[in-house]
Structures are given as C-alpha cells and as structure tokens.
Amino acid sequence: MTVYLIRRLMQSVLVVWVMSLIVFLGVFAIGDPVEILIAPDADQIERERAIIALGLDKPLWEQYFIFVQNALRGDLGRSFVFNEPALRLILQRMPATLELAITATLFAVVIGIPLGLLAGLKPNAWYSRTIMAGSILGFSLPSFWVGLMLIMVFAVQLGWLPSTGRGETAMLGGIQWSFLTVNGLRHLVMPALNLSFFKVSLAIRLTRSGVRETILQDYVKFARAKGLSPTRVIGVHVLKNIMIPVVTVMGLELGSTIAFAVVTESVFAWPGMGKLIIDSIYVLDRPVIVAYLMIIVFMFIIINLVVDLTYSFLDPRVRLGESKA
Amino acid sequence: MTPPPAEGTIVAKPAATPAPDSEVQAETAPAAVRVETPLRRFIVDFCDSPLALFGLAVFAVIAFIAIFAPWISPQNPYDLAQLDIMDGRLEPGSQSMDGKTFYLGTDDQGRDMMSGIFYGLRISLLVGAGSALIALLVGTTLGLTAAFFGGRVDSVIMRIVDLQLSFPTILVALMILAILGKGIANVVLALVIVQWAYYARTVRGSALVERRREYIEAAQCLALPNRRILFRHLLPNCLPPLIVVGTMQVAHSISLEATLSFLGVGVPITEPSLGLLIANGFEYMLSGKYWISFYPGIALLVTIVSINLVGDHLRDVLNPRLQK
C-alpha cells in the first residue's frame, strides 16, 4: 500500500512537471509575450528596458526555471487586467464554482436516483421508457444548448427565474455564498440544474442497472418472502445496497462537474473560475491562463489519486498495482 | 467494407455466426439465390429499427444541406454586398426590403438565418466529422500497434491513453485552444487530441482478443510483413466496435465543437459554425428575439440526435453478444 502510494505520488509529480513544461512552452513560447506586455507605441529603448525588466532576454530554459521557482513559492504571476496575483484571483472565484458544482451533484442525486429506481422497478412501463429516452438526451445534448433553453423558457418566457449572476450573497466562514439568501438561491437553481443535466442521466443509468441486479438477489427474495411491505423491501433492502456505488460515483464525478462548469458559468454569467478563464482567454491575460491551467492540472491529479484510492478501498478486487495513472 | 476476395473468409469469421449460415444456404438453395454476406445481413439487421432508419434519413438530409449549402441557400451569408442592415433582426417569415421572405428571420447584420444555418452546418459537420475521422486513423493505428506488439510499446501508449482519459474532454480542448488560439485548424487539432484515446482503447480491447486467434498466427507463419498483418488481418476483425464508437464520436465531436465555438474559443467569427451562430444570438435572446439562436440550436440538436439514433442501433446490431 505504502509502496503503491509512493509510486503514485511520484507519477503525479512527473505529470505535474510535464504539464508545467507544456503549459509554459505553449503559452509563453508560441505567442510573443513582448507584443502583449509592452505598449505598441513604446520606442526601442523602452522596449529593451521592459524586456530586461520582465526577464524576457534570458534564454528560454532560464525563464522556465524562474517560472518553476516562483510557482513552487505559490507565485504564478500577476494578472495584466486585474493587477492582482493570478493565484489569489482564481482562489477568490473558486467558492462560486464549488457551490455550483456541489449543488448540481445534489440535484443529480435527488432527481436521478428516484427516476432510476422507477425505471429499474418497471423496466417496460411507458414512464420507464420515457425516463430512459430522456437520459439518452441528457448524455447527448450539448449542455450550453440546454442552458439556453432553460433561460428561454424560465427567464424570458415565464420570467420566473433570473438568468445571470449570483444574486445576493451572504458571508459564511469569510466567503460569500449564494445559497444563504432567497435571492441567491433563485439565481442558483437554473445554473445548477443545467450543470446537473448530464449527472442526472448518469445517476438514472447507475440506479436503474443497480436496481435490476439487486432485485434478483436472494436477500431481496427472502425479504419479500418474510412478508415485508414492498416499500420496506425497496426502501431498505434494495436502495441501501445500490446507494453506495451511486453516491460514490456521483462524488467522484465532482471533478468533471467542476470542469464542465466552464460552460454553465459562461451561459449564466456565473462569476466562478470557469468564467474567469474564458474572459482571460479573450483578453490574453496570460498569467491567469497559466495559473488556471496549473491549478486545474494539480486539482485533477489529486482527484484521480483520491478516485483510485477510493475505488480500491470500496472494492478490494481492484488491485492497486494495476491501477490507472 | 467489402473485403477483397482472398480474405473474405477471414473477414466473415468474427462477425462469425452469419458465415456458417450463409454457406448452408448457398449449398441448399439454388445458385440464383443471393448469398447472405455479413454486409448484407448487417444491412437487413439495421433496417429492423424504424427509428434508426429515420435517424439515418434525417442525417442524410442534413449532410445534403451541408454539402450543397452554396447552391440551395437563399443568400450567401458571407457576401456583405447581399446584406442590408435595414433587414436586421426581422422575425421569422417577414419580408425583406426588396421583397424576399426570411423564413427563419434574420440576425443583427440582416443575414438570413436559414442561409446562415446551412453554411454553419457545413462547418460544423466538416470540423466534427473531419476531426473524428483523423482521430479514428491516429487512434486505430496506435491501438492496433499497442495490442499487436504488447510489452513496452503497449504500456507507454496505454499510459498516455489513461492519463488523457482522466481529464475531461472539454478541459483538454480548452487548454489546447487557450494555448494555440482560435481557428478551424486548431479546433480540429484539439478535437483530434481529445478523441484519439477513445479509439485507441476500443481497438486495443478487441485487437487483444483477435491477435491470439489462429489466422494471425497463420499470417505470421507466412512471414507477412507486420504492416500487412495489422491492417489487412487484424483491423478488419476489430471493425464492429470501432464503427459504433466512431459514430458516437462524430456526434460528440460536433457537440464539443459547438460548445467551444459558443465559448468563443473555437472557429473564427468569419466562418461561423452552429455553435458560434448560437452564441451570436444569445444576447438577443434575453430581449425576446429568440430566433437568432433558437433555430441554429434546433439544427444542432437534430444533427446530434439523428447521429445518436443511428449509433445506438448500430451498437445493438454489431454487438456479437446480442446476435442470434
């Protein structure tokens, strides 16, 4: 176990290093930073002074070395646009994204599991077919399109819900949250629903196949034979057994939910990390782009590590030695 | 898909069951009766599902529109001389200044939405199908190589595949486009990079099974070159799952391209795909001018759903476990 963990950690460090190289070379070497950093009307002497001040006259490997050194100290550069450290800028936006992603995951569990249960218990009923057809749509429709339709129906036509921003926020633990105010909640519902669309389909599928497998087990037959009410058989004996894998997968999907939040945040102008990176790409705010990419790579490596460990913990049949990178 | 005659028997083998059947039929029935080849059987099976046929028909119409867009569009949306700013943001069905009808309305530039959608479909399909095809070539080659040679080659390729699949596609594509910038070529490159791993994994899975069969051994005993064994013997037998994944990936890549273009990091504004058309109309949607982004959205939806209908049924038809 310890050997495995150490090997995995070393692999992760290697991946972070390779990614930092790719990101650095990609962002700083393909485009010309001088063109972007220095005002176009600067004369030759000013230009050269600025190049030296920014360290752009040094060879590329030395620049990369300085970048890594700073990055290890938690300094990923300053945003050109906000004139703030890029790292702080991103961390400031992180709670909004996390709030959205966690709410979406909750929606997926609350909506997906009952629907999946329904479809699993009566696989041939008309409503089960409708649910399954709906879940195919959930997998195949682009999420920005679903977001647009939600806005069109609920914000423009019906006028029930606001379509942009976080609304009023309240302070908790030094961070602003939307879910603490009624107005904030109203702003949260649609983006979270949009982001959860794919996860709901996933939860439906997982629950349905889980139910169909579990219902044939001997202990379910025995519970029935004992004369327990159907509600109790389903609620306790079936549901309890399928909840663990479903909830685990939903939790482990949190990483990809955060990634897909980029789309939802852009549609609903939700001020999270995803919106920040898209805005930064528009204005070529390179330090923010680099910092975001590095943070995301780092985050995913940790998530993948946790996922692998959790799987092996939950299912001893997964042998650690052969686990994926 | 029709195999060359010399290898016909080999190709028939894994889709396996039909082959013995057809031989029996051919012997008992008079020679005039058509022999049931795997391909023909596949077509008959596919036609079983009216829904899948409907999907195929819809997709055929969409492909027709995309290919012949310049000839069937009422107007060339890129030709500024044909546009009149006075026609901007007209509702569907309204008349232009010079008496033309805009069946799907116009955008803020006075561009006919229907023409815009036709041209947008062209770019969406080109980027989507093109990148899926390139990814298919790259992924299949690497997957076959990994399965055939095994050992170190296999573990290096599959490590990269695993690593790639552990990051969400949208994120990888966004990273690549953040670095490279907008442009059709860049979008295609990004889509190829995020998709090849799916093909590689699929092909490797079935190739690992196939490469232990006798016909591969026989081919090796004949001292055929590796390249020939890989592409003429191994590949045809790994096709069924590849076709299914390929179909689904075309839909996925069209959807991903639309998403990237919607986010403003995809295709350039001069060559709008459906995703970019939707993004352009987004701001007007809030003021009730729904058609500028609604109709491109419907076109995108119909395209993706029709491909998925076909792909879903292909999976049933080509799945050997489901074959009678």
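Start by selecting B:Pro77, B:Tyr78, B:Arg111, B:Gly116, B:Tyr119, B:Gly120, B:Pro272 and B:Leu277: together they line the second largest cavity. Keep in mind as you click around that this is a predicted model.

Next, colour helix H6 of chain B, residues 113-149. This helix gives the most to the cavity's lining, with three residues. If you now colour the lining by residue type, you'll get five nonpolar residues, two polar and one charged.

Which residues are the closest to the centre of the second largest pocket? That pocket has about 700 Å³ of space, and of the 26 residues lining it, A:Val18, A:Met19, A:Ile22, B:Leu163 and B:Phe167 are the closest to its centre. Select those five and centre your view there.

Now bring in the helices around the pocket. On chain A, show H1 (2-30) and H13 (286-314); on chain B, show H7 (151-165) and H8 (169-180). Each of these four supplies at least two residues of the pocket lining. Which one gives the most? That's H1 of chain A, with 11 residues.

For a last stop, colour this lining by residue type as well. In the second largest pocket you'll find 18 nonpolar residues, six polar and two charged.

Terms used: Residues are numbered from 1 along each chain as its sequence is written. Chains are lettered from A and ligands numbered from 1 in the order in which they are written. This is a predicted model: local features need pLDDT of at least 70, side-chain atom pairs count only at pLDDT 80 or more; totals for chains, interfaces and linings use all residues. Side-chain values use heavy atoms; hydrogens and water are left out. On a 1 Å grid over the protein atoms alone, a cavity is a set of points where a 1.4 Å probe fits but cannot get out, and a pocket is an open set with protein on both sides within 12 Å along at least five of seven lines; lining residues have an atom within 4 Å of a point. Ala, Val, Leu, Ile, Met, Phe, Trp, Tyr, Cys and Pro count as nonpolar, Asp, Glu, Lys and Arg as charged, and the others, Gly among them, as polar. Grid points are joined across faces, edges and corners, and a volume is the space filled by probe spheres set on the points.
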